[in-house]
Amino acid sequence: MSVCSFLLRMADKKRRTTIKRQVASLVLFLCMWALRCETVRYSMPEEMESGSFVANVAKDLGLDPKRLSARSARVVSEGSRQHFQLNSNTGDLFIKEKVDREELCGEADPCMVQFEIILQNPLQAYPAEIRVYDINDYSPVFSEKEFILKILETSDPGSRFPLENAQDLDVGNNSLQNYSISNNDYFHIYTRVRSDGRKFAELVLDKPLDREEQPEVSLVLTAVDGGSPPKSGTAQIHVIVLDANDNPPVFSQTTYKSRVLENSPKDYLVVTVSATDLDEGNYGEISYSFSQKSKENSKTFNINPVTGELRLTGQLDFETIETYELDVQATDDGGLFSHSKVLVEVLDVNDNPPEVKVTSLTSPIPEDSSPVTVVALFSVRDRDSGNNGRTVCSIEDDVPFSLKTTFKNSYSLVTEYVLDREKVSEYNITITARDLGTPSLSTEERIVVKISDINDNSPEFSQTSYTMYVRENNGPAVLIGKVNAFDSDSEQNAKVTYSLLPSENSSSPATDLVPRSAKAGYLVTKVVAVDGDSGQNSWLSYHLLKATDPGLFTIASQNGEIRTTRLITDRDTVKQKLIVLVRDSGESPLSSSATLNIALVDGFSDAYMQFTDVAVEEEENDTLTMYLIISLCLVSFVFFISVIIFIIIKLYRRRNYGEKYMSASGNCCGNSNFQNNLVDITGNGTLSHSYRYEVCLTTGSGNSEFRFLRPIIPSLPPQHGNAGTDSGKEQDLLTNFDLTTDMKSANQVVLQFISGVITLGDERLYGRCF
């Protein structure tokens, strides 16, 4: 070869390499059709240098490149090796290490590399795959450099003799395409294609051989692939012409089939081939062998040359090779042979447990995380087939998490409901992946999810109330006692500070129940108010200030009794709220209000005893009521003692004067059931004389009602000429007072009388009734 020719070939090779790279780049850009598909797909040729640009995934996924770095974008491949890397600042995908398609996928075509693009905050996963295209980087290679072929001289023209096939690791057009042979006078090559797509050569006899004329023929066999430029491999063939042997061996079957489990042990009998030869002697003795030796076959099977038994010598793996096609040759001692085919189908067994790979995990997570918050992403893979390769995933039932399928064989672990760190601060979650084979195989993957605290618990005192004692006349900063509170939160959220709040005075809402069957006028409750004033300033009146249904209830202004005004209907609200106003009768009236919650119930069961608006506990109400009763009793007792002492002193000082008038007036009360009490009223205002009034109180009345009041008029000495007339007139003007009122007690009436509430007017003996 001349130098010029060599330089031209090198220039042409460089030009073809440049064109090939340009085409590869064009193919990469044309793969953007998968932008909006479920899985983003790219393609690239093998053997690209490390750091070569593949694609911009941010643009293809519609993501903002500026956000990729903030969301910690990364690439996770299925295998242990990471062939690609992602620039999180630009979204560009680069080759991390050179990809060898033959090492990665072997003879499989297409060759797919699957990976996921993981983003954080929020946690997202985008499936992607890259198809690695083959380049013509391997030449066809024969297992041996030289082959010996024995052919009978009696072989007829057209006879075919299979030759050893060449191996080419490339696929597609770059794989082995055809065979050729050097020029000769006896043979030509015919290229045949097997059922698995492999090509092998047959040597075809063109004219009869003559051992005496030429006992041996040397040929050069060339195997050529379809690359550009094509690559080839050669082997030497020595054809030895044998003496005549009339009958070749004949197999009992043209094709032998066998099915073998992939977990069958070594030396397992796969099949027995058998051939017969009609010749006798050495020409009738048959030996068996493989006519075509491949790397897989020679490592996995062995044939007994005498018995024809085909046995296992290696371990089968359904996940690697599902079917073996073996060419068996039977040869007699005369050199005649025949061929048969053995098809071995490998049956899958469930020998691969599922593989669980956690691609991302977020821990800890806040306890206030909303339901369906993604905690972890993981994928499951099972290399078996059929039901043996189908998997299901599960977690324990006692954890607040669940699994959701994101896409095929990929899952997300999400929260199922609101978490509570105070109950459980950490979860050990076991992910169980189980296949559907028989027997079923399973794999467990444990992950730990920690729960971070939020400030969702208020401090609680160790006691509901504290009683402390302190001596009087102590100086400041004296330790009185100690209170203690704790918080269920953690760290900063559990730090407790103490302070004193100012005491508050407002009444708490009261609660009453009213049956829906109550009739109009039904007594619901009675409102009681106390006024520290006296006289007219302590007269109280009750008013209904506000009500949920103003037409349903009414309140008596004098005694505070609340009653229904009509029948209760189904349209009436279950919860009724009343605001009662109590006002005194002073010149500048003062008032106060109280809230009453009323529940309309069908019956007095426990379910109706819970009323959400009740703000004060029952014990506090009972204590307040007891204090009010004690105070009223003390005031009433002191009042009674004061009145009795006052009356005794008056009676003692005017004993004689009193007896005179008592005899004149007699009993002011005709009914013996009334008690008589004499009250002296010293004249004041426009009156110039002292007058005595008789107060009659019922003795049998439970509420001590004030029955009536009338003055007892003494016989005054005449001061004018018409004294007699005036005396008679005064007798005629005696006025009976009948004060029937709903005052709380007669004591209050007497007090009002003594205070001058009931007076005389116009210097006449007329009573004024209130």
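**Salt bridges, cores and strands**

Student: How many salt bridges does the structure hold?
Tutor: It holds 18 salt bridges. A salt bridge here is a side-chain nitrogen of Lys or Arg within 4 Å of a carboxyl oxygen of Asp or Glu. Keep in mind that this is a predicted model, where local features need pLDDT of at least 70, side-chain atom pairs count only at pLDDT 80 or more, and totals for chains, interfaces and linings use all residues. Residues are numbered from 1 along each chain as its sequence is written, and side-chain values use heavy atoms, with hydrogens and water left out.

Student: Which residue forms a salt bridge with E422?
Tutor: R421 does. The closest N and O atoms are 3.2 Å apart.

Student: Is R421 buried or exposed?
Tutor: Buried, with a relative accessible area of 14%. E422 is partly exposed, at 23%. Buried means under 20% relative accessible area, exposed means over 50%, and partly exposed is in between (1.4 Å probe, protein chains only).

Student: What about R516 and D602?
Tutor: Their side chains meet in a salt bridge, 3.8 Å from N to O. R516 lies in the loop between strand 34 (510–515) and strand 35 (523–526). D602 lies in the loop between strand 40 (591–601) and helix 6 (618–653), so the pair ties together parts that are 86 residues apart in sequence. Helices (H or I, at least four residues) and strands (E, at least two) are DSSP runs, numbered from the N terminus.

Student: Is D602 buried or exposed?
Tutor: D602 counts as exposed, at 62% relative accessibility.

Student: What do the side chains of R566 and D549 do?
Tutor: They meet in a salt bridge, at 2.8 Å from N to O. R566 is in the loop between strand 38 (561–564) and strand 39 (575–584). D549 is in the loop between strand 36 (540–547) and strand 37 (553–555). The two residues are 17 apart.

Student: Which residues do shared partners join into one network?
Tutor: R194, E325, D327 and K341.

Student: Switching topic. Which residues touch the most other members in the largest nonpolar core?
Tutor: M44, V54, F84, L93, F115, I117 and I130, out of 27 residues in that core. A nonpolar core is a set of buried Ala, Val, Leu, Ile, Met, Phe, Trp, Tyr and Cys residues joined through side-chain atoms within 4.5 Å.

Student: Which strand gives the most to this core?
Tutor: Strand 6, with five residues.

Student: What is I117 in contact with?
Tutor: Leaving aside its neighbours within four places in sequence, I117 is in contact with V57, L61, R74, L86, Q124, A125 and Y126. Contact means heavy atoms within 4.5 Å.

Student: What about a second core?
Tutor: It is separate and has 26 residues, including Y179 and I237.

Student: Why would nonpolar side chains be buried together?
Tutor: In soluble globular proteins they simply tend to be.

Student: Now strand 22. How many of its residues are buried?
Tutor: Nine of its ten residues, which are 323–332.

Student: Which way do strand 19 and strand 22 run?
Tutor: Antiparallel. Five bridges join strand 19 (residues 286–290) to strand 22. S287 stands opposite T331. Two strands pair if DSSP finds at least two bridges between them.

Student: And strand 23?
Tutor: Strand 23 (residues 337–347) pairs with strand 22 over nine bridges, in the antiparallel sense. The bridge partner of L326 is V342. The hairpin has four residues between the strands, and G335 there takes a positive phi near 95°.

Student: Where is V372 found?
Tutor: V372 is in the loop between strand 25 (365–366) and strand 26 (374–381). Its phi is near 65°, a positive value in a residue other than glycine. V372 counts as exposed, at 51% relative accessibility.

Student: What kind of peptide bond runs from N121 to P122?
Tutor: Cis, with omega near 0°. P122 sits in the loop between strand 6 and strand 7. A cis peptide bond also joins T438 and P439, with omega about -5°.

Student: What do most peptide bonds look like in general?
Tutor: Most are trans, and most residues other than glycine have a negative phi.
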